[in-house]
Amino acid sequence: MDALTQTVLNCRELGVTGVNRALRQLPDGSSVLIAEPRGAHNIGVGMMGKWDITVDGNAGYYLGGLCDGPNFTVNGSVGWGVGENLMSGLIRVIGNASESAGASAHGGLLVITGDASLRCGISLKGGDIAVAGGVGHMTAFMAQAGNILVGGDAGDSLGDSLYEAVIYVGGKVKSLGSDAKISEMTATDVAKVKELAAAAGFDHIDAENVTKVSSAKTLYNFDALKNQRY
Amino acid sequence: MDTQAGVPERLEPERQSATFPLEVIHRIQTMSQTGRYEIRGWGAKRRVPNFDDLTFVTASVSRYPLEGYRERCDTKTVLGSRFASKPLELDIPITIAGMSFGSLSAHAKDALGRAATIVGTSTTTGDGGMTKEERAASKHLVYQCLPSRYGFNPHDVQQADAIEVVVGQGAKPGGGGMLLGQKVSERVAGMRTLPVGVDQRSASRHPDWTGPDDLTIKIAELREATNWEKPIYVKFGATRVANDVKLAIAAGADVVVIDGMQGGTGATQEVFIEHAGIPTLPAVRLAAEAIREVGKTGEVQLIVSGGIRSGSDVAKALALGADAVSIGVASLIALGCNASHYFKDGEEHDATADYLALGTSPGHCNRCETGRCPVGVTTQDPILTERLDPEISKQWVVNYLKALTMELTTLARACGKSSVHNLEPEDLVALTIEAAAMAKVPLAGTSWIPGHSF
Ligand code: SF4
C-alpha cells in the first residue's frame with residue numbers, strides 16, 4: 001500500500017474493537033483517518049508503531065492510552081485519561097481534554113490546544129504535557145518525572161505531593177498543593193520551556209516569564225515528629 | 001515487721017492486665033518515645049474466625065468416597081473463560097499472589113516463578129512492574145495494574161498472560177503500597193521512576209478512573225490493548241465484598257480476586273493490618289453468593305486469598321465457592337522466611353543473630369519492611385540476597401505446592417469428588433457459632449446456621 005494514501009476507518013461502522021484491530025494490521029508508518037469517532041472510548045489504545053492517526057471528531061476516555069509510538073491528531077475534544085501511560089509518540093488534541101490527561105505517561109508528548117480538566121499529568125513518569133489554556137485542580141498530583149507546560153492558569157493544589165516532575169505555568173497559580181514550591185527559573189528551565197512550546201506549536205508563551213513549580217522534598221521521608229503536612 | 005524496709009514480706013502474684021498486656025505496654029512505650037506507629041510486613045496476627053473453624057463431613061453410607069492414590073481427582077483450573085479468548089489453564093487451583101520485585105529479592109521472585117511453572121500454576125507481579133527474569137521464570141504470569149502504575153508498560157501488558165486490576169488488598173484495603181527508603185535501591189528506584197532512598201508511598205486510587213462506570217471503560221481499554229485475549233482480574237481487599245464483586249462483574253471482569261484481612265504485605269501500618277477488612281472466611285462465602293445472585297457462577301471465577309496455609313484451607317475455600325486460592329506469606333515461608341538457617345555455598349548457616357538485630361527471632365519475624373531479611377527473601381541488599389539459593393528454594397516451593405495439592409485431593413476424594421471443584425458448602429460444618437454464621441454452614445451436630453435457620 002502507498003504510505004501516502006490515507007486509510008479511512010469508520011468508527012461507527014467498525015466499532016472501536018474493529019478500528020483497533022484494523023489499525024494494528026496496517027503497516028508501520030501508515031496514515032489513517034478515523035471517521036465518525038462520536039465520542040467512543042478506547043480509540044487507538046495499545047498501539048506499538050509509528051502510525052499517523054487523525055481522529056475526526058470528539059473521542060471518549062483513554063484516547064491513545066497505553067501506546068508506544070503513534071502520532072495522533074484529534075480534531076475535537078477528548079474524555080478522561082487521554083494518552084494515559086503513553087511511552088512515546090505525539091498526541092495532539094485540537095480541543096479540550098477532560099480529567100487525568102496524560103496520567104502516568106512515561107514518555108512522549110501530549111499537546112492540548114484548549115484547556116485540560118482536573119488532575120492533568122497525575123502520576124506523570126517522564127512524559128511531557130503542553131496545555132495551551134488552563135488546567136484544573138490537583139494538576140500533576142504525585143507526578144514523578146517529566147514536564148508540564150501550562151499556557152493559562154492553574155487551579156488549586158497544583159503539584160500536590162510532587163516528586164521530580166516540573167511544572168511551568170504561564171498564567172496564575174491559584175494555590176500550591178502539599179510539598180510543592182515555586183522555584184527559580186534557570187537558563188535550563190527557560191530552554192526547556194522554549195523547547196516544549198516549539199514542539200507543541202505554541203507561540204503565546206513568554207519563556208522568561210513563567211512560574212516554575214517543583215517539589216519542596218519535605219515529604220520524601222517519613223518523620224512523624226516534624227509536623228509534616230499532607 | 002522484721003523484714004528490710006521497702007521489701008514486702010510477700011510478693012503479690014503477678015497479674016497481667018487484659019487491657020494492657022505486655023505487648024500493649026511495649027507499643028505505647030515505643031509510640032511515646034519515637035512518635036511513630038508501627039510499620040511492618042505480613043498480615044493480621046490476631047486470631048480471627050478462619051477455615052480451622054470448619055470441618056468436612058466426609059463420605060459415609062449415603063455418599064461414597066473415591067480411592068485415595070488410585071481414582072482420579074481432577075485439580076485442573078480454568079481462569080478467565082468469560083470474555084478472554086486465551087483463558088489461563090492451570091494444573092492446580094493454588095496460585096502465587098502478587099508480590100513485587102522490590103519488596104521481594106530477585107532470587108525470591110525467580111524461585112517462585114520457576115516453582116510455579118513446574119507445578120503448572122501462575123505467579124503475579126506487584127508494584128514496580130514486570131522484570132525480565134520474572135517473565136522468563138513464569139509460564140503463567142499475571143500482570144498487576146496498580147494505582148501507582150510504577151513501571152507499568154504496555155509491552156508488558158501484551159506479554160502477560162492475564163491482567164489484574166488491583167483496587168485493594170487485604171492487608172490494607174483502602175491504602176496504597178509502601179516501600180521504605182532502605183529498599184528503594186537503584187534498580188528499584190529506576191523501575192519505579194523514583195529518587196533512590198525515598199520512602200515510597202504508592203497511590204491508593206487509580207490515576208485515570210474512579211467508580212464502577214469508569215472501571216468498565218478501564219477494563220475495556222485493557223481488553224482492546226490485549227486484543228481481547230487475556231483474562232482481566234479485579235482484586236479487592238475484603239470489605240464490602242458483595243457490592244464490590246457485583247460491580248466488578250458488571251464492569252466486565254473475568255475473574256474476581258478477594259483478599260481477606262489476614263492477607264500479607266511487604267510493609268504497611270500495623271493499625272491497618274489488624275483493623276481493616278473482614279476475614280477470608282466470610283469473604284469467600286459473600287463473594288460466591290454475589291456471583292450466584294448475578295447468575296455468573298461458572299462464568300466468572302473467584303480467587304480467594306488471605307491466610308491460606310494448608311490443603312484443608314484450600315479445600316474449604318473451594319467448597320465455599322472459590323475456584324482457586326492465592327498464597328503469599330505461605331509461599332515465602334516455603335522459600336525460607338522465618339527459618340533459623342539459610343543455605344549458602346552448599347552449607348547451612350545460622351541466621352539467629354540477624355533476626356536478633358531486627359529485634360525478633362525465627363518464627364516471629366515480620367520485619368520485611370526493613371529490607372534486612374535474614375534469609376534473603378525480602379531484601380535488596382546484595383549480601384543478604386545471596387542467602388536465598390534460588391535452586392534450593394525453588395524445590396522447597398515445589399514440594400510445598402505438591403503437598404498442598406495432595407492434602408486438597410485427599411479431602412476431596414474423601415468427600416467423593418472426582419474434581420476438587422465439585423466440593424460444596426454441604427460438605428462442611430462449623431465448629432464455632434461465629435464460623436457457622438460467617439460461612440453459612442450449620443454448627444456441627446445441629447442444623448443451625450445463625451441468621452438463616454433456628
Ligand atoms: S524472614 Fe524475611 S521474609 Fe520472613 S518475615 Fe522476616 S524479613 Fe520478612
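Modeller: A crossing of two helices is right-handed if the near helix is turned clockwise from the far one by less than a right angle. The model discussed here is predicted.

Biologist: What is the handedness of the crossing in which H7(B) passes H9(B)?

Modeller: H7(B) covers residues 241-250 of chain B and H9(B) covers residues 280-293 of chain B. With the near helix turned clockwise from the far one, the crossing of H7(B) past H9(B) is right-handed.

Biologist: Are H7(B) and H9(B) parallel, perpendicular or oblique to each other?

Modeller: Their axes come within 8 Å and cross at roughly 40 degrees. Angles under 35 degrees would count as roughly parallel, and 65 to 115 as roughly perpendicular. H7(B) and H9(B) are therefore oblique.

Biologist: How many nonpolar residues are in the contact of H7(B) with H9(B)?

Modeller: From H7(B) come Val241(B), Ala242(B), Val245(B), Lys246(B) and Ile249(B), which meet residues of H9(B) including Leu286(B) and Glu293(B). By class, the contact has 2 charged residues, no polar ones, and a nonpolar count of 9.

Biologist: Which residues of H14(B) meet H10(B)?

Modeller: The H10(B) side consists of Gly311(B), Ser312(B), Val314(B), Ala315(B) and Leu318(B). By class, this contact has 6 nonpolar, 2 polar and 1 charged residues. The H14(B) side consists of Leu404(B), Glu407(B), Leu408(B) and Leu411(B).

Biologist: What area do chain A and chain B bury between them?

Modeller: In this pairing, 40 residues of chain A are in contact with 39 residues of chain B. Tyr62(A), Leu66(A) and Phe222(A) supply 20% of the area that chain A buries against chain B, more than any other three residues. Carbon and sulfur atoms carry 55% of the total, which is about 3,400 Å².

Biologist: Which residue of chain B forms a salt bridge with Glu84(A)?

Modeller: Over all chains the count is 46 salt bridges. The pair with Glu84(A) runs from the loop between strands S4 and S5 of chain A to helix H6 of chain B. Between chain A and chain B the count is 2. The closest N and O atoms of this pair are 2.9 Å apart, and the partner of Glu84(A) is Lys218(B).

Biologist: How far apart are the C-alpha atoms of Leu431(B) and Ser310(B)?

Modeller: Leu431(B) lies in the loop between strand S18 and helix H15 of chain B. Leaving aside neighbours within four places in sequence, its contacts include Asp52(B), Leu54(B) and Leu443(B). Ser310(B) is 121 residues away along the chain, and the C-alpha separation is 18 Å.

Terms used:
Residues numbered from 1 in each chain as written. Chains lettered and ligands numbered in written order. Predicted model: local features only at pLDDT ≥ 70, side-chain atom pairs only at ≥ 80, totals over all residues. Heavy atoms only, no water. Contact = heavy atoms within 4.5 Å. Helix = DSSP H or I, 4+ residues; strand = E, 2+ residues; numbered from the N terminus. Nonpolar A, V, L, I, M, F, W, Y, C, P; charged D, E, K, R; others polar. Buried area = accessible area lost by both parts, 1.4 Å probe. Salt bridge = Lys/Arg side-chain N within 4 Å of Asp/Glu carboxyl O. Axes fitted to C-alpha atoms, helices over the stretch in contact; angles between N-to-C directions. Parallel < 35°, antiparallel > 145°, perpendicular 65-115°, else oblique.
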